[in-house]
Amino acid sequence: MTQRKPAILVARAIFPSVIERLREHFDVTSNDDDAIWSPDDLASRLQGKAGILTTGAERVGAELLAACPDLRIAANMAVGYNNFDLAAMTERGVQATNTPDVLTETTADFGFALMMATARRMAESEHYLRAGLWKRWRYDMFAGAEVHGSTLGILGMGRIGQGIARRGALGFGMKVIYHNRSRLDAATEVACGATYVSKAELLQQADHLVLVLPYSPSSHHAIGAAELAQMKPTATLTNIARGGIVDDAALAVALRERRIAAAGLDVFEGEPQLNPELLTVPNVVLTPHIASATLPTRQAMADLAADNLIAFLTTGRALTPLNTPTGR
Ligand code: 8YV
């Protein structure tokens with residue numbers, strides 16, 4: 001007698017090849033139209049499913065878990081997992097996984113690129129050119145901030161932060177300072193050329209501040225009006241971490257009043273909506289949460305999320321677990 005395959009739900013459209021691979025192991029309900037389901041919709045589609053492949057957008061919290069007692073694993077196709085209530089998942093015996101490592105270098109590339117685009121005013125000057133305003137050269141036209149040799153500040157020094165530090169220190173001769181919940185060991189500090197400082201020192205000394213910390217209630221508005229006020233008026237701020245870490249309304253005011261020089265933002269409070277003020281200030285580079293978006297990296301993220309589902313539901317052991325479920 002053939003055993004019935006476990007049923008799983010893939011919450012958003014992903015690579016068809018990954019869906020095919022999942023079908024070898026599971027009875028798969030996919031979302032090929034890439035519809036955005038309400039929490040109620042998600043709960044009803046998840047009935048009888050043992051696993052779900054989520055992106056960073058679907059909330060897996062106490063309510064969903066209570067409504068979906070058959071769920072055993074949620075595999076996030078993202079390294080960030082602030083859409084998961086890990087404590088509730090652990091208590092309910094549900095495995096949580098994410099996709100670390102496979103996106104580190106790609107995301108660090110993007111963070112560095114966004115910082116450079118911000119410092120060198122690439123978006124603002126491109127808009128000027130597209131608008132037909134470029135009539136002649138001028139000595140100070142779109143003069144930006146120096147990148148090489150300047151001070152790079154990094155808030156949140158996990159794998160991606162370290163990748164950005166290496167790029168700055170080794171590639172651009174930058175002085176790299178960082179602040180993190182816990183200090184790195186000495187060998188890692190040397191390897192990424194970074195010096196630990198307090199948050200206040202980081203804010204005050206950085207020419208370019210890049211945010212790479214995870215979102216949690218304790219990092220909500222880690223950069224607000226008070227922190228922006230401590231930064232140099234010539235400094236730039238780049239956020240590739242999560243919306244909500246920056247108080248976007250306070251940032252829009254600081255940019256308009258030139259209390260800092262410019263910002264580069266890939267993530268926003270309430271995205272894909274964004275604070276309308278940010279669309280009206282010129283000194284900001286805006287991108288739609290694409291820091292990990294290269295096809296090879298997105299493929300690797302989808303593969304790892306799928307492999308977590310396969311490994312956990314066939315052997316009981318996930319590849320990149322976030323918790324040790326106790327509740328079953
Ligand atoms: C994801 C991200 O693309 O990995 C993360 O934490 O922010 C991005 O790489 C996004 O969360 C959608 O899953």
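## Around the ligand

The model is a predicted one, in which local features need pLDDT of at least 70 and side-chain atom pairs count only at pLDDT 80 or more, while totals for chains, interfaces and linings use all residues. Residues are numbered from 1 along each chain as its sequence is written, and side-chain values use heavy atoms, leaving out hydrogens and water.

## Polar atoms at the ligand

Val 79 has a backbone N or O atom 2.7 Å from a ligand oxygen. For Gly 80, a polar backbone atom is 2.8 Å from an oxygen atom of the ligand. Arg 298 instead uses a polar side-chain atom, 3.3 Å from a ligand oxygen. The protein covers 83% of the 330 Å² of accessible area that the ligand has on its own (Shrake-Rupley method, 1.4 Å probe).

## A look at Thr 107

Thr 107 sits in helix H5, residues 104–119 (a DSSP run of H or I, at least four residues, numbered from the N terminus). Thr 107 is buried, with a relative accessible area of 6%; buried means under 20%, with a 1.4 Å probe and protein chains only.

The Thr 107 side chain reaches the backbone oxygen of Leu 103 at 2.7 Å. Leaving aside residues up to four places away in sequence, Thr 107 touches Ile 160, Ile 240, Ala 291 and Ser 292, where contact means heavy atoms within 4.5 Å.

Note on methods:
Polar contact = N/O pair within 3.5 Å; in protein donor to acceptor, adjacent residues only side chain to side chain. Helix = DSSP H or I, 4+ residues; strand = E, 2+ residues; numbered from the N terminus. Buried < 20%, exposed > 50% of the residue type's maximum accessible area, 1.4 Å probe, protein only.
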